[in-house]
Number of protein chains: 4
Amino acid sequence: MSRRLLMHVGPVTIDNDVLSAGLVNNAGFASPEFVEAMKYALNGFLYTVKSGNYMPFILPGSGTLAMESMTSFLKPNDSVLIISNGVFGDRWKNIFSRYNLNIDYLKAPPGRAVSLNEIENIKKHYRMAVMTHVETSTGVRFDVKSAAGILRNISDIIVADGVASISGENMEADKWDVDVVFTASQKALGAPPGAALLAISPEAVSELNDVSLSGFYNNLYAWKDIMTSILDNKSAYYTTPPVHIVFSLARAFELIKKEGIDERIKRHYIVAESIRSGIDGLGLEIVAGDDYKSNTVTAVMIDNPSEFISGLYSKNIEIASGVVPELKDRYVRIGHMGWLNINDAAATVSAMERVLHEMKYNISPGQGLKRMQEFLFNNNY
Amino acid sequence: MSRRLLMHVGPVTIDNDVLSAGLVNNAGFASPEFVEAMKYALNGFLYTVKSGNYMPFILPGSGTLAMESMTSFLKPNDSVLIISNGVFGDRWKNIFSRYNLNIDYLKAPPGRAVSLNEIENIKKHYRMAVMTHVETSTGVRFDVKSAAGILRNISDIIVADGVASISGENMEADKWDVDVVFTASQKALGAPPGAALLAISPEAVSELNDVSLSGFYNNLYAWKDIMTSILDNKSAYYTTPPVHIVFSLARAFELIKKEGIDERIKRHYIVAESIRSGIDGLGLEIVAGDDYKSNTVTAVMIDNPSEFISGLYSKNIEIASGVVPELKDRYVRIGHMGWLNINDAAATVSAMERVLHEMKYNISPGQGLKRMQEFLFNNNY
Amino acid sequence: MSRRLLMHVGPVTIDNDVLSAGLVNNAGFASPEFVEAMKYALNGFLYTVKSGNYMPFILPGSGTLAMESMTSFLKPNDSVLIISNGVFGDRWKNIFSRYNLNIDYLKAPPGRAVSLNEIENIKKHYRMAVMTHVETSTGVRFDVKSAAGILRNISDIIVADGVASISGENMEADKWDVDVVFTASQKALGAPPGAALLAISPEAVSELNDVSLSGFYNNLYAWKDIMTSILDNKSAYYTTPPVHIVFSLARAFELIKKEGIDERIKRHYIVAESIRSGIDGLGLEIVAGDDYKSNTVTAVMIDNPSEFISGLYSKNIEIASGVVPELKDRYVRIGHMGWLNINDAAATVSAMERVLHEMKYNISPGQGLKRMQEFLFNNNY
Amino acid sequence: MSRRLLMHVGPVTIDNDVLSAGLVNNAGFASPEFVEAMKYALNGFLYTVKSGNYMPFILPGSGTLAMESMTSFLKPNDSVLIISNGVFGDRWKNIFSRYNLNIDYLKAPPGRAVSLNEIENIKKHYRMAVMTHVETSTGVRFDVKSAAGILRNISDIIVADGVASISGENMEADKWDVDVVFTASQKALGAPPGAALLAISPEAVSELNDVSLSGFYNNLYAWKDIMTSILDNKSAYYTTPPVHIVFSLARAFELIKKEGIDERIKRHYIVAESIRSGIDGLGLEIVAGDDYKSNTVTAVMIDNPSEFISGLYSKNIEIASGVVPELKDRYVRIGHMGWLNINDAAATVSAMERVLHEMKYNISPGQGLKRMQEFLFNNNY
């Protein structure tokens with residue numbers, strides 16, 4: 001493919017080293033090189049979520065598989081609290097609705113997150129509470145740390161979907177007392193899609209057993225033995241792992257450690273703020289309210305999103321369309337995850353300016369870029 | 001990794017062109033290049049199973065995910081018939097046992113398949129009957145065509161697991177009247193693991209609906225819309241597809257079409273027979289009985305399998321250990337799927353001879369290779 | 001390597017498809033796939049220089065090898081005219097000085113080209129006249145077309161070094177009556193370094209013979225038979241060709257044909273003008289005078305070039321240092337060749353602004369980017 | 001390309017890790033990553049020829065470029081002794097004939113090497129004596145160590161062409177008192193073609209100066225400064241180096257160190273002897289006499305070489321045709337260099353048997369393989 005810049009919410013632009021780490025034509029799931037890479041990736045994920053004593057899992061599938069694997073902790077008629085800030089918060093409801101569960105559901109309007117007050121007022125006890133760290137549909141970031149503090153009183157198991165956050169936002173599962181966090185390989189980790197990564201607290205792991213609502217493929221109780229074996233340098237088989245994605249992930253975690261997780265999060269912040277400064281300069285409205293802006297996804301209101309998207313595409317930048325029903329056809333999403341840097345932000349803002357100009361917006365040349373540069377000048381980036 | 005020859009049951013040795021087709025660092029699930037590759041792969045799979053009017057699916061996961069997705073056709077208390085010839089036949093039972101289903105189960109001893117007579121004697125009617133084309137645990141091939149003819153009378157939906165067979169064995173889903181056939185990317189298709197491919201008859205597709213035992217991730221009713229959209233050249237999202245594996249699959253199907261599916265199956269046969277001739281020459285017993293030998297997997301009885309496996313490994317050949325409980329620690333498995341040719345068979349038989357010699361078997365030099373060459377000489381291969 | 005943007009004068013940023021086309025682990029110089037790729041690349045080069053009746057050559061080496069191969073047309077004491085606009089023009093002198101030749105040498109000051117008047121005034125006759133289309137050391141473009149028209153009267157063989165121009169600048173060797181044009185794989189063609197490509201007029205080819213000043217490796221008389229054979233679909237050996245670079249080149253020419261050579265040249269112009277508009281906006285002086293600016297290289301005066309270069313490097317952009325002795329330590333060079341687009345220009349100008357700010361230049365945020373955007377707005381790019 | 005086995009004399013089968021090390025789309029010749037890789041490769045080459053105090057060079061071109069660069073040590077009318085055992089020995093004559101030199105030339109018949117006695121009888125003194133370690137045209141190995149001992153008395157500079165030997169045959173340049181040894185990237189080092197590697201004794205390096213017969217491109221006096229700079233971790237430019245080949249070479253040397261040079265040479269010996277045992281078993285004659293067989297190339301007499309070659313090709317094995325005029329159309333060459341192992345030998349001998357059978361030779365199945373296995377059984381390989 002041509003040198004198009006992928007500013008999408010996932011898959012995202014992949015580092016070439018990460019990509020070519022998967023160029024292995026003779027690795028089986030029992031090959032020592034795979035076992036080594038898998039172990040490295042498992043531990044790399046714990047580093048990334050700052051939770052060395054958690055148990056790491058890598059499953060063969062997307063982030064949604066990780067979500068559904070939470071059924072491994074649930075039994076018929078269990079109560080579950082869903083805190084939804086958008087489409088991917090709602091996905092919890094869509095998933096759990098296929099099971100025999102009692103669901104309570106809090107929902108925020110687009111661009112905002114459920115208020116902590118609302119959670120504090122809950123009197124009921126739940127087997128599980130689930131939330132979304134960054135809502136991919138709007139770029140809204142939720143205060144997982146504070147929410148977990150409150151939820152600890154009303155829920156046995158606390159789950160945070162970190163699909164659109166982990167390695168781009170700070171996540172300290174252990175310290176924040178979140179039992180389960182997870183992401184997918186193709187988001188801020190910047191590898192090809194195909195693997196879901198979870199970190200689970202020792203307490204939650206100890207509660208896994210054979211009797212649960214989970215199916216076969218997503219049964220964490222069964223997968224636990226596989227991960228234990230790998231961490232002990234021994235191959236094991238449940239269903240075939242995504243061998244090549246794991247090689248790429250191992251390389252990604254090597255680069256993440258080299259960069260440092262905090263440096264990586266800071267880089268995500270700088271790129272996000274660069275793009276948002278440009279957007280402000282261009283006079284466009286950002287969907288997420290001021291307290292909710294994330295390092296990884298920015299949703300932008302625009303009158304004719306498909307024209308905007310195809311305009312950017314013709315300028316070699318691919319962004320994502322909107323998916324929130326309430327804002328249907330009124331916004332777009334820009335992903336800024338993985339291996340991006342300020343160069344990509346500059347390219348994106350420059351292209352946005354020119355597309356808006358072509359769309360007859362009243363834009364003066366450099367209007368958005370000036371604001372982006374101001375942000376960068378002021379912070380010496 | 002070094003030039004070790006992977007003679008495994010999956011993942012298998014991958015063609016370099018297939019592998020490097022996945023070297024794309026800027027493809028999203030909505031990128032036109034992905035939509036094109038996905039459509040190509042979907043149609044390529046139909047070509048491979050000779051069923052142009054079936055509906056193709058590619059799911060993000062392993063072959064087991066395809067198995068479990070059969071719950072999309074099932075409702076609580078449905079009756080299911082499982083025809084098991086080994087570990088992967090039993091996997092059906094393990095999967096369906098997690099659901100509220102009435103299960104009947106026929107089982108063959110290792111090395112043999114369930115007899116057609118036994119099936120003919122069944123009087124009951126089933127919502128679904130499932131079988132395994134080639135049993136990966138023993139290399140036993142089942143006569144899917146004949147079985148389907150019988151099962152048609154007693155089952156609404158007929159399913160054949162072609163994970164270890166498709167593109168290495170003849171499979172004519174449409175003509176044989178099998179409703180669902182599936183495989184996984186890392187078997188005879190010779191791509192990296194991460195995608196499950198299904199072809200489903202129009203009749204079965206029309207029975208998919210929102211009320212089923214399936215979960216969310218493996219719900220074929222939901223996936224149907226995605227596949228329909230892709231086949232219509234439009235991107236669509238349910239959960240993130242394995243983008244890079246699909247690029248590799250598209251290239252694999254391009255090569256499969258170039259080779260011709262029947263030529264490809266014949267090549268699998270020749271490699272299989274070459275290896276088996278060598279094994280016969282070496283005086284080892286093959287697990288599969290004469291009527292059950294497959295083109296893709298050969299299981300071999302051996303006294304000290306781990307010594308045999310590590311001996312071959314030291315000679316740069318990786319094979320698989322045995323998994324059938326009844327034969328535990330008494331056999332090994334050789335996979336011969338994908339892109340292998342006679343050169344690989346010769347290397348394997350040569351190495352087996354030398355390992356047996358080292359293990360103090362009474363082997364004369366060339367004893368197995370001679371028989372392999374006789375087979376090849378006699379057939380002008 | 002990290003996602004650093006290579007804005008160098010060669011090697012340049014390589015398209016991933018071009019790069020991965022070289023991922024072939026089993027191609028020999030006699031393999032049919034290589035012969036096919038080599039033939040495709042040879043013809044692709046003729047397309048690129050719009051000279052279908054010329055004879056193409058690909059030699060195993062850099063552009064300098066192509067320069068020195070001009071000795072294949074020369075005999076002891078031949079007269080040669082060198083038109084030099086900088087370091088790479090002077091390279092002709094350095095090369096020819098190692099041979100028994102009579103050299104006349106015209107030289108322009110940095111940032112300018114030798115005047116056509118000066119050439120018109122020459123009364124002498126030469127065996128060969130050589131010039132440089134784009135002088136890599138300063139980015140100065142020479143009017144090869146007009147010069148060739150004048151030189152035709154005083155030189156048997158007219159040679160234009162297109163190393164830093166071909167596929168980024170218009171080059172019509174045949175129409176302009178230039179006998180020999182050449183480039184190297186790692187410049188505007190955007191492949192890895194390792195191949196020199198030449199196109200030679202039928203008249204000049206007919207003058208090649210075994211008696212010349214050339215050595216063995218660079219003897220075009222010997223290489224002629226190899227190219228003839230390849231063009232006739234037959235493998236041939238003189239010394240080992242750069243097999244993998246040729247696979248990449250074949251893919252590059254495929255992309256060049258798809259883009260169209262004139263579109264490609266226009267894209268180079270737009271990127272060059274974008275960067276130069278930004279530089280103007282930043283108040284920096286461009287080395288090349290107004291009539292001499294090229295599409296491929298821009299040299300910029302700067303007080304502390306090494307600080308500027310390392311500043312950009314820390315912002316993930318790599319440019320080249322200056323090499324002209326007269327301007328030593330007073331300028332830098334930006335390469336904009338191959339597969340770049342406006343996104344790269346925006347990234348570069350943004351980074352330059354920030355580096356100058358850090359270097360205490362009096363720069364207002366967006367000052368350079370504004371001018372770049374004006375250029376783009378005005379031309380609807 | 002398909003999984004064809006390349007048993008050629010160069011380029012040879014490339015290890016996938018070595019190949020993918022060159023997948024770098026943003027490395028310039030001044031990039032720190034390149035400088036690091038180049039330095040690593042330079043030192044890796046010294047390890048390979050066991051001469052840590054020699055000066056290493058990597059030039060952008062094939063092995064022939066290294067040969068011609070010997071003119072850097074020569075002045076007009078110097079005397080040179082050429083010891084030729086075949087086509088590539090004769091290449092020295094073809095090269096030096098283009099220069100003003102006094103050439104003495106010793107030549108052995110095909111399959112044999114020049115006798116040491118003949119060299120001992122020489123009374124003349126030479127500026128340079130050149131020989132070929134393994135003659136690629138016939139697979140004949142020359143006793144470089146003994147020859148160097150004799151030549152030291154009659155030649156200032158002793159040169160051994162190790163193109164078809166280094167890393168496959170023992171070469172101790174320093175201990176054997178050979179001043180210059182060289183190879184090319186695509187031979188036993190197993191990387192893509194495009195780089196020539198030389199190691200030169202300190203004494204010889206000290207004699208390099210600006211006045212020599214060399215041209216510009218191959219002038220070692222100029223290249224010396226570049227290599228010195230790189231070894232001092234500083235980038236430097238003379239002409240563009242083969243950046244991507246150097247990345248591959250660096251990876252190759254990493255693997256070579258990991259394997260150990262003596263283990264690597266032994267592996268070459270085992271593969272060579274395996275193939276030759278098979279050839280003996282098949283009743284074919286090997287061109288090289290018993291004292292001259294090399295670890296890297298085996299030439300085999302055959303009546304209809306083109307039929308034999310295309311027969312093997314149809315069985316997915318590519319070998320090389322013969323090139324010695326005296327044996328024209330009467331033999332073929334099998335290369336066994338780089339990353340091959342016994343598996344490749346078994347595949348080759350199996351295929352040869354079958355091709356000979358098809359060519360109506362009187363071959364019994366397994367006849368050659370038996371002898372190969374006997375060799376391997378007897379030595380516990």
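In this predicted model, the side chains of Arg264(A) and Glu259(A) meet in a salt bridge, with a distance of 3.3 Å from N to O. According to the domain assignment of chain A, domain 1 comprises 5-10 + 261-379, whereas domain 2 covers 17-259, and across the interface of these two domains the rule finds 3 salt bridges. Polar contacts were also counted between domain 1 of chain A and domain 2 of chain A, and they amount to 17 residue pairs, both partners being at pLDDT 80 or more.

On the side of domain 1 of chain A that touches domain 2 of chain A, at least two residues are supplied by each of helix 11 (261-281), strand 11 (297-301) and strand 14 (331-335) of chain A. Helix 11 of chain A gives the largest share of that side, namely 7 residues. When the residues on this side of domain 1 of chain A are sorted by class, 15 are nonpolar, 7 are polar and 7 are charged.

The centres of domain 1 of chain A and domain 2 of chain A, taken over C-alpha atoms, are separated by 28 Å. The contact involves 29 residues from domain 1 of chain A and 32 residues from domain 2 of chain A. The size of an interface is often expressed as the accessible area that is lost when the parts come together. For domain 1 of chain A and domain 2 of chain A, the buried area is about 2,500 Å², and carbon and sulfur atoms give 57% of it. Of the area that domain 1 of chain A buries against domain 2 of chain A, 29% is supplied by Ile261(A), Tyr292(A) and Trp339(A), which is more than any other three residues supply.

The interface of chain B and chain C was examined in the same terms. Here the contact takes 4 residues from chain B and 4 residues from chain C, and the area buried between the two chains is about 360 Å², of which 38% comes from carbon and sulfur atoms. Within chain B, the residues that lose the most area to chain C are Asn16(B), Ser20(B) and Leu23(B), which together make up 79% of what that side buries. By class, the side of chain B that touches chain C has 1 nonpolar residue and 3 polar residues, with no charged residues.

Conventions: Residues numbered from 1 in each chain as written. Chains lettered and ligands numbered in written order. Predicted model: local features only at pLDDT ≥ 70, side-chain atom pairs only at ≥ 80, totals over all residues. Heavy atoms only, no water. Domains from an automatic or database assignment. Contact = heavy atoms within 4.5 Å. Buried area = accessible area lost by both parts, 1.4 Å probe. Salt bridge = Lys/Arg side-chain N within 4 Å of Asp/Glu carboxyl O. Polar contact = N/O pair within 3.5 Å; in protein donor to acceptor, adjacent residues only side chain to side chain. Helix = DSSP H or I, 4+ residues; strand = E, 2+ residues; numbered from the N terminus. Nonpolar A, V, L, I, M, F, W, Y, C, P; charged D, E, K, R; others polar.
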